[in-house]
Amino acid sequence: MLHIVTGSDNNYMAGVMALIASTAFHNPRVRFTVLDMGIAEDNCRKLAELATRLSLRIDRISIEASRFAHLTVRRAHLNRAAYMRLLIPELLPEDDRLVYMDSDMIVVDDLSALMQVELGDCPIAAVADPSPAPRELAATGTRLGEYVNSGLLVMNLPVWRAEKLSCRCLEILSDPKAAWYCEDQSAINIVCRDRIVLLPAQYNIYANLPTYKCVEELPSRISVLHYVVNVKPWMWNVAFGEIWHFHAGRIADLMPPPHRHNWRQKLRRVEAARRSVFGLLCGKRKYWKRRSTAKAIRSQIVLPYLAKAGANPAGFGDKFGAAGCDRVMPARN
């Protein structure tokens, strides 16, 4: 059986709920474990209700934030909850293989093939990061195409336990002179270097518009969308966001209240919109390409996915960026 582990504090519970709903939509035989670092009691109750409604097994494991109090977090959009994936080999001693997924992902296809990937003595299988920072490659001793994104990991747990890879990652993260920016992702790349099975890109497709400079760069196959960095669909209207809202809407009564933006977030959004409008009015090629790419995402990927999933695309408004994945794969009812 497909076993997926994700983790969250209370801030990312909207992502957790939509991830579970979307996975179950395409993978009815799935089991979830949610690593809990401060999920509110009301959201825990909703998680239990979701398990009943979808006829799924959803286990929850509480983790004290103090376990990572000595570790720093350099990226503004992350917190120490991201480190919980390193405890999986310890927390789930009876499992040999499972799939870890970030809570800002959405599933649009059958994932059962991930449980059949040949790992041998490799600790993980993952998707290569399409645009890692050069400093991250240099600091981790990896090359472009080898450095992987840790948002989705097929984990070979006997190897992790035998080689104490989690301890090695935590030791690396404890180094105050560390030269990398991507914390546990880079630590995982270091300890697993040269022993990573590369998965097809479809299992970790970045769902942020700047990833695609033109229509020709859009993915032809998608199994998992990953709303990386600050482009969270429960916060803003974002590229591919309608897919997230479709699955969240199916469990709307269980979803946490909508995110409220502070004034800094609102100002940043207004400034981004101002630059875009100004760029379009000035005829700047970059902005017109971005606009055409956003339209293509919606017409070629988003709307076909929603149609196969049985949604009414008109109900989402013309936001130019959302759902989809069907130049991709058919949804399962």
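The protein contains 10 helices and 10 strands. The model is predicted, with an average pLDDT of 86 and with 89% of the residues scoring at least 70. Over residues 314–333, however, the pLDDT is below 50. Beyond near neighbours in sequence, this stretch has 85 contacts in the model. Where pLDDT is low, predicted coordinates should not be read in detail.

Of the 333 residues in the protein, 55% are buried. Among contacts with a separation of 6 or more, 75% involve residues 24 or more positions apart.

Two packed helices are described by the angle between their axes and by the distance between those axes. Helices α1 and α8 pack at an angle of about 85°, and their axes are 8 Å apart. The two helices are therefore roughly perpendicular to each other, since angles from 65 to 115 degrees fall in that class. On the α1 side, the contact is made by Ala14, Gly15, Ala18, Ala21, Ser22, Phe25 and His26. Helix α8 contributes Trp244, Phe246, His247 and Ala248 to this contact. Gly249 also has its place in helix α8. Its C-alpha atom lies 9.7 Å from that of Ala21, although Gly249 and Ala21 are 228 residues apart in sequence. With a relative accessibility of 42%, Gly249 counts as partly exposed.

Four aromatic pairs are present in the structure. In one of them, the ring centres of Phe25 and Phe246 are 5.9 Å apart and the ring planes stand at 90°, so the pair is edge-to-face. Phe25 belongs to helix α1 (residues 13–26) and Phe246 to helix α8 (residues 241–249), so this pair ties together parts that are 221 residues apart in sequence. Phe25 is buried, at a relative accessible area of 12%, and Phe246 is likewise buried, at 10%.

A further pair is formed by Trp234 and Trp244, whose ring centres are 5.7 Å apart and whose planes meet at 40°, so the arrangement is tilted. Trp234 is located in the loop between β10 (224–226) and α8, while Trp244 is in helix α8, so the pair ties together parts that are 10 residues apart in sequence. Both Trp234 and Trp244 are buried. Together with Tyr12, these two tryptophans form one aromatic cluster. Trp244 is also among the residues of α8 that make the contact with α1.

Arg275, Ser276, Gly279 and Leu280 of α9 make the contact with Tyr287, Trp288 and Arg291 of α10. Val277 is also found in helix α9, and its relative accessible area of 47% makes this residue partly exposed. Val277 and Tyr287 are separated by 10 residues in sequence and by 8.5 Å in space, C-alpha to C-alpha.

Elsewhere in the chain, Thr140 lies in helix α4 (residues 134–140). Thr140 counts as buried, with a relative accessibility of 1%. Apart from neighbours within four places in sequence, Thr140 is in contact with Tyr147, Ser186, Ile190 and Arg193. Two of these partners, Ser186 and Ile190, fall within the residue range of helix α7 (183–191).

Most residues other than glycine have a negative phi. Ser55 has a positive phi, near 55°. Ser55 is placed in the loop between α2 (41–54) and β3 (57–62), and is exposed, with a relative accessible area of 65%. A positive phi, near 70°, is also found at Asp194. This residue is situated in the loop between α7 (183–191) and β8 (196–198). Asp194 is exposed as well, with a relative accessible area of 69%.

Note on methods: Residues are numbered from 1 along each chain as its sequence is written. This is a predicted model: local features need pLDDT of at least 70, side-chain atom pairs count only at pLDDT 80 or more; totals for chains, interfaces and linings use all residues. Side-chain values use heavy atoms; hydrogens and water are left out. Rings of Phe, Tyr and Trp (its six-membered ring) pair if their centres lie within 6.5 Å; planes under 30 degrees apart count as stacked, over 60 as edge-to-face and the rest as tilted. Helices (H or I, at least four residues) and strands (E, at least two) are DSSP runs, numbered from the N terminus. Buried means under 20% relative accessible area, exposed over 50%, partly exposed in between (1.4 Å probe, protein chains only). Contact means heavy atoms within 4.5 Å. pLDDT is the predictor's confidence in each residue, from 0 to 100. Axes are lines fitted to C-alpha atoms, for helices over the stretch in contact, and angles run from 0 to 180 degrees between N-to-C directions. Angles under 35 degrees count as roughly parallel, over 145 as roughly antiparallel, 65 to 115 as roughly perpendicular and the rest as oblique.
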